[in-house]
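My entries follow in the order I made them.

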Amino acid sequence: MRHLSTHAALTLGLLSLASVPPAVAQQDDHDHHAHEHDHSHDHGHKHEHDHSHDHHDSDIYAGYFDDDQVEDRALSDWEGGWQSVYPYLQDGTLNDVFAHKAAQSDDKTAADYKQYYTTGYRTDVDRIVIEGDQVSFYGDDGKRTGEYTYDSHEILTYEAGNRGVRYIFERDGGSADAPRYIQFSDHAIYPTDADHYHLYWGDDRAALLDEVTNWPTYYPSHLDGDAIAREMMAH
C-alpha cells in the first residue's frame with residue numbers, strides 16, 4: 001500500500017472534481033471520484049460480471065473501502081474505443097463544466113479549474129482502442145500497439161484518508177515503443193465495465209504510481225464533446 005505526500009493528496013482531491021467531480025470527488029480527487037457511473041454505455045464488449053457488489057456504492061467511489069473488498073480485474077473491463085477529453089478542453093467545449101464547478105466552489109473560478117484540468121488532461125494520445133490483450137495508442141506519431149497482461153493492482157492511500165486503486169498491466173508483446181506499463185484508475189475496485197477512466201503509462205512502474213498532476217482521461221469514442229460535458233456535470 002502506497003502513501004502519497006500532502007501535496008499529492010491535495011492535488012488528488014481537486015482532481016476528483018474533474019468528472020463527477022471525479023471521484024475525486026466531491027472532495028476533489030481524480031483517483032477516487034465520488035460520483036456514480038452510468039454503466040449503460042456499450043464499449044463493444046458484452047461480458048458479464050457475476051457478483052453481488054453494488055456498483056453504485058458511494059463510499060467506495062469516494063475512496064473509502066476495505067482492502068478485502070478490492071478484486072483483480074481483466075483488461076476487458078476497459079475494452080472498446082476511447083477518446084481523450086483534452087481536445088474538448090482546448091476548443092472550449094468543456095468551458096461549461098468549469099463554470100459549473102466554479103459555481104459550486106467558494107474560492108475557485110472557472111479559469112482556475114480550466115488551468116488545473118489543462119495540466120491534468122494534457123496528452124498527445126487522442127485515441128485508445130482496447131481489443132483482447134492489445135492496447136493501441138493513436139497520436140501525432142502514429143499508432144503503437146502493445147500486448148498486455150495483468151500485473152496486479154496497487155492501493156494508494158492519501159493523507160485526506162480516502163484511497164484509490166490502480167489496475168496495472170505490463171507489456172509482454174507487440175510494438176517495442178508501446179508503454180511498458182499502463183495503469184487504469186476508474187473509481188471501481190472490482191470487475192465492472194468502465195464508462196470513462198484515467199490512464200497512466202510509461203516504463204517506470206513506481207514512478208507512475210506517484211504521478212498525480214497529469215492524468216489523461218478517456219471517454220467512449222461514440223460520445224461527442226457536448227455529451228461528455230453533460231455527463232461530467234450530471235454527477
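**Nonpolar cores**

I started with the largest nonpolar core, which has 26 residues. Val85, Leu89, Leu94, Tyr117, Tyr121, Ile228 and Met232 touch the most other members. I then looked up which elements give two or more residues to this core: helices H3 (86-90), H4 (95-103), H5 (110-121), H6 (205-209) and H7 (225-234). As background, nonpolar side chains in soluble globular proteins tend to be buried together.

The average pLDDT of the chain is 82, and 76% of the residues score at least 70. Residues 5-56 are another matter: pLDDT stays under 50 there. The model still has 198 contacts beyond four places in sequence for that stretch. Where pLDDT is low, predicted coordinates should not be read in detail. I left the contacts of residues 5-56 at the count.

**Whole chain**

I counted seven helices and nine strands in the chain. Of its 235 residues, 53% count as buried. The accessible surface comes to about 10,000 Å², and carbon and sulfur atoms hold 44% of that. I also looked up sequence separation. Among contacts between residues at least 6 apart in sequence, 59% join residues at least 24 apart.

**Leucine 89**

I picked Leu89 from the core list. Leucine 89 is in helix H3. Its relative accessible area is 2%, under the 20% cut-off, so leucine 89 is buried. Which residues does leucine 89 contact, leaving aside neighbours within four places in sequence? I found Leu94, Phe98, Lys114, Tyr117, Thr118 and Tyr121. Lysine 114 is 25 residues from leucine 89 in sequence, yet their C-alpha atoms are 7.8 Å apart.

**Leucine 208**

Next I went to leucine 208, in helix H6. Leucine 208 is buried too, with a relative accessible area of 10%. Beyond four places in sequence, leucine 208 is in contact with Arg166, Tyr181, Gln183, Tyr200, Trp201 and Gly202. I took the distance to tyrosine 181: 8.6 Å from C-alpha to C-alpha, for a separation of 27 residues in sequence.

**Aromatic pairs**

A pair of aromatic rings is described by the distance of the centres and the angle of the planes. The count for this model came to 16 aromatic pairs. I looked at tryptophan 82 and tyrosine 197: the ring centres are 4.7 Å apart and the planes are at 70°, so this pair is edge-to-face. The pair links distant parts of the chain. Tryptophan 82 is in strand S2 (residues 80-84) and tyrosine 197 in strand S8 (residues 197-202), 115 residues apart. Both tryptophan 82 and tyrosine 197 are buried.

Tyrosine 197 also pairs with phenylalanine 184. That pair is edge-to-face, with 5.2 Å between centres and 70° between planes. Phenylalanine 184 sits in strand S7 (residues 181-185), 13 residues from tyrosine 197. Phenylalanine 184 is buried, as is tyrosine 197.

**Charges over rings**

Which ring lies under the charged end of arginine 73? The ring belongs to tyrosine 167, and the distance to its centre is 4.9 Å. My second case was arginine 127, which lies over the face of tyrosine 138 at 4.5 Å from the ring centre.

**Positive phi**

I noted two residues that have a positive phi without being glycine: serine 152 and histidine 187. Serine 152 has a phi of about 120° and is in strand S5 (residues 142-157). Its relative accessibility is 24%, so serine 152 counts as partly exposed. Histidine 187 has a phi of about 80° and is in the loop between S7 and S8. Is histidine 187 buried or exposed? I found 4% relative accessibility, so histidine 187 counts as buried.

Conventions
Residues are numbered from 1 along each chain as its sequence is written. Side-chain values use heavy atoms; hydrogens and water are left out. Rings of Phe, Tyr and Trp (its six-membered ring) pair if their centres lie within 6.5 Å; planes under 30 degrees apart count as stacked, over 60 as edge-to-face and the rest as tilted. Helices (H or I, at least four residues) and strands (E, at least two) are DSSP runs, numbered from the N terminus. Buried means under 20% relative accessible area, exposed over 50%, partly exposed in between (1.4 Å probe, protein chains only). A charge sits over a ring if NZ of Lys or CZ of Arg is within 6 Å of the ring centre and within 35 degrees of the ring normal. pLDDT is the predictor's confidence in each residue, from 0 to 100. Contact means heavy atoms within 4.5 Å. A nonpolar core is a set of buried Ala, Val, Leu, Ile, Met, Phe, Trp, Tyr and Cys residues joined through side-chain atoms within 4.5 Å. Accessible areas come from the Shrake-Rupley method with a 1.4 Å probe; for residues, only the protein chains shown count as cover.
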